[in-house]
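Open your viewer and load the model.

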Amino acid sequence: MIRTLILLCSLSLAFSALKKTAQFRDSTLKYYIGQQDTTIFAGAILSCHHKGGWLVMPKDKNLNEAVANVAQKNRVWIGGSDIFGEGAFRWNDDTIVEWASWYSSQPDDHHGQDCMVINHGSFGMWDDGGCEGQTGYVCQIPNNKASPQERSKFTVFTGQNATSYFQAKTICQNRRLRLAQIEDVNTLEHRVPGIDDSSFAEYWVSHQQDVDSCGTISHYGISNAGCLQALPFICEQVAPYDLSVSDEEATLEIGSNFNVECSASGFPTPEVKWYRNDVYVEHQKRGVAKSTLVLDNVNSEDDGMYVCKATNEVDGERSTTEGYFWLGITIITG
Ligand SMILES: [Ca+2]
């Protein structure tokens with residue numbers, strides 16, 4: 001029992017409200033504030049870890065600004081400290097803090113302060129704060145969205161398959177593919193096997209079009225052609241992308257019910273399933289490219305992380321994209 005209570009106490013640090021997100025390079029910055037609007041430094045580290053990322057380490061000006069912004073100018077934890085050597089600030093990945101953005105007369109180790117915060121005194125400026133202080137935090141989480149540019153496979157239909165734009169679209173769909181979304185010549189020339197090297201070769205692809213013309217690409221770039229013209233075309237398989245989970249975390253009272261929906265896109269249409277500790281969860285409602293985790297009458301054994309996996313097959317290989325849901329259980333008192 002004591003063990004359970006300690007576990008619940010430590011987990012409660014991990015629950016927090018997502019306040020804002022922003023894309024930065026290949027990752028997402030997420031600003032959270034804790035259950036009581038606050039979390040100690042160690043709790044912020046734990047929470048970001050649970051979300052599949054880390055407490056953000058703004059090692060350069062661009063990231064620092066992005067973090068200051070996403071935190072909406074609030075004073076929040078960032079992932080660095082001098083816990084392991086007074087005055088020798090290191091990021092949590094054990095690299096030395098080189099580029100710095102200290103507010104004037106900081107760090108000052110006031111009453112033994114060791115843990116770094118941003119937006120102290122002024123936008124983007126840092127302070128060493130007391131590690132047991134309570135505040136919000138920003139996690140950096142690698143994008144779990146498969147980039148169609150990186151994880152797709154193109155198939156070219158030429159010669160006798162040359163057909164209208166609409167027919168090309170239908171043929172791709174019937175093969176569980178989509179008409180390719182290619183917007184640059186570099187991708188066409190380096191990533192599409194089997195294209196005609198001659199400069200006049202033009203293919204149907206899917207991009208913005210007006211009423212009378214449909215999208216094409218050639219070695220000269222993207223263009224349009226009359227939709228009924230007979231042209232070769234390019235279909236595309238795409239690994240699961242745009243995975244989204246309706247809730248990333250929840251804290252529930254014992255006995256309550258909750259549903260979490262996970263959905264994703266992909267070509268072919270991905271299978272979406274919920275797992276817990278790598279085991280398929282029985283209580284889920286499966287749909288096309290989505291699945292709803294059904295949590296009925298929860299008890300203390302249901303707490304922990306649930307993983308939603310969207311899977312399809314691209315070029316004969318299984319591709320999976322994951323999303324996470326974290327469940328906490330509170331004991332009803334009184
Ligand atoms: Ca300080």
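**The whole chain**

Among contacts in the protein chain between residues at least 6 apart in sequence, 65% join residues at least 24 apart. Two residues are in contact if their C-beta atoms, placed from the backbone, lie within 7 Å. This is a predicted model: local features need pLDDT of at least 70, side-chain atom pairs count only at pLDDT 80 or more, and totals for chains, interfaces and linings use all residues. Residues are numbered from 1 along each chain as its sequence is written.

Show the cartoon. The protein chain has five helices and 22 strands. Both are DSSP runs, numbered from the N terminus: helices are H or I with at least four residues, strands are E with at least two.

**Domains**

Colour domain 1 (2–142), domain 2 (157–238) and domain 3 (240–330). These bounds come from an automatic or database domain assignment. Next, select domain 2 and domain 3. Their centres, taken over C-alpha atoms, are 35 Å apart. Six residues of domain 2 are in contact with six of domain 3. On the domain 2 side, strand 14 (residues 233–245) gives the largest share, three residues.

**Strand 17**

Select residues 271–276, which make up strand 17. Strand 17 runs antiparallel to strand 21 (residues 304–314), with five bridges joining them. Two strands pair if DSSP finds at least two bridges between them. Click Y275: its bridge partner in strand 21 is V307.

Strand 17 and strand 18 form a hairpin with two residues between them. Finish at N277 in the turn, where phi is positive, about 50 degrees.
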